[in-house]
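Please take me through this structure stop by stop. At each stop, tell me what to select and what is there.

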Amino acid sequence: MWPVEQIPNEHFLFFRLHRNYMQFDDEIPQGAFRDQDGGMSTDWEKYSTAEETQRRAIKSPPEENGVLRLNVGGVREIKPLLVEHTPEPGNRAHTNVFGDKKKDPEVRLKLQRLAEWVIKIQ
Amino acid sequence: MEFPIPAIEEFERDFDAEEPAISSEDRWSLHNLNTIPERTKKPVVEPILRWKSTTSYNYKSVIFNEIKTERFKRLKIFALKSIFNEEKLLGFKGDPDDNNFVPISKETLDRAKHFFSPYLAVFSTVAYAIKIMPGPDGSVDIKWKNAKKELLLNIPADKNEHAMFYGDDYGKLSIKGTVEVDSLHPLVLAWLMDS
């Protein structure tokens, strides 16, 4: 098992986004920022590239997915979000962003503003 | 020299002795003097009694008749249809890898429409881009955005929950809270109108 590390604020997290979310507008939808199994699943740039994150989609081909990046310090500034490195056996980069996103529109709106495209969905 | 104050009786006597003046021009009625009956030729000191209105004001009450109401209804339905892309929202499938995905139900979408419709007329005066998008777990996000402000409001899938909102001016001012889904919220309204 991989050791858990502290992620510096200046680093980035990669977040995969399926194209279904982009059918409403050109803008990144706030609804995409959601928890799965307790946290929002991302990859730490130290152990993953954006392309690797894109290929981690299991039930859809990589080209149907885009990749966003989020600055770790920026995420930590959004209360009450916590960034924790949670490596998995097959993915050392795996990082969870914990904190309520469902009920708090402020969190999702600020995450959306922070997000930048690395691989844009065609 | 003394100036004795006359008694009221003396004053009335002197006043009555004066020649009553007839107005040379009946400026109150526009009637020709010759056509005015004698009884109406009263001294000018009582003009208001001889006043005759020649201008009539035709007050028209505002009636929302059947045609206008129907027209408004149709406009409202058209606006809601163009803002709410119902087909896409109900058909939204999320990320195929998301095992806990909850689709938007018709009921949630109808509540979102019901919530939003009173804001339609209000925002004909303030320029906002309005976007309706899927929120987390079957909820619906309504977003108002312009160069000065942005407000995101979430209509939850659970009808017993309140809608939550957050808005800011991209800087110092922000607004956050919960609203009843079935009423126009004065704070949200004031925030959006002040743009």
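A polar contact is a pair of N or O atoms within 3.5 Å; within protein, one of them must be able to donate a hydrogen and the other to accept it, and residues adjacent in sequence count only if both atoms are side-chain atoms. This is a predicted model, in which local features need pLDDT of at least 70 and side-chain atom pairs count only at pLDDT 80 or more, while totals for chains, interfaces and linings use all residues. Residues are numbered from 1 along each chain as its sequence is written, chains are lettered from A and ligands numbered from 1 in the order in which they are written, and side-chain values use heavy atoms, with hydrogens and water left out.

**Stop 1: Gln112(A).** Select Gln112(A), in helix H3 (residues 105–114) of chain A; helices (H or I, at least four residues) and strands (E, at least two) are DSSP runs, numbered from the N terminus. The side chain of Gln112(A) reaches the backbone oxygen of Ile28(A) at 2.9 Å. Gln112(A) counts as buried because its relative accessibility is 7%, where buried means under 20% relative accessible area, exposed over 50%, and partly exposed in between (1.4 Å probe, protein chains only). Among the residues that Gln112(A) touches are Lys143(B) and Glu150(B); contact means heavy atoms within 4.5 Å.

**Stop 2: between the chains.** Show both chains. The contact takes 30 residues from chain A and 31 residues from chain B. How many salt bridges are there between chain B and chain A? The count is 13, a salt bridge being a side-chain nitrogen of Lys or Arg within 4 Å of a carboxyl oxygen of Asp or Glu. Select Arg108(A) and Asp141(B) to see their side chains meet in a salt bridge (2.4 Å, N to O).

**Stop 3: the core.** The largest nonpolar core has 54 residues, and Leu111(A) and Leu151(B) are among those with the most contacts inside it. Such a core is a set of buried Ala, Val, Leu, Ile, Met, Phe, Trp, Tyr and Cys residues joined through side-chain atoms within 4.5 Å. Helix H5 (residues 106–122) of chain B gives the most to this core, with six residues.

**Stop 4: backbone angles.** Most residues other than glycine have a negative phi, and most peptide bonds are trans. Select Lys79(A) and Pro80(A): the peptide bond from the former to the latter is cis, with omega near 5°. Then select Asp137(B), in the loop between E1 and E2 of chain B, where phi is near 50°, a positive value.

Note on methods:
Lists of a residue's contacts leave out its neighbours within four places in sequence.
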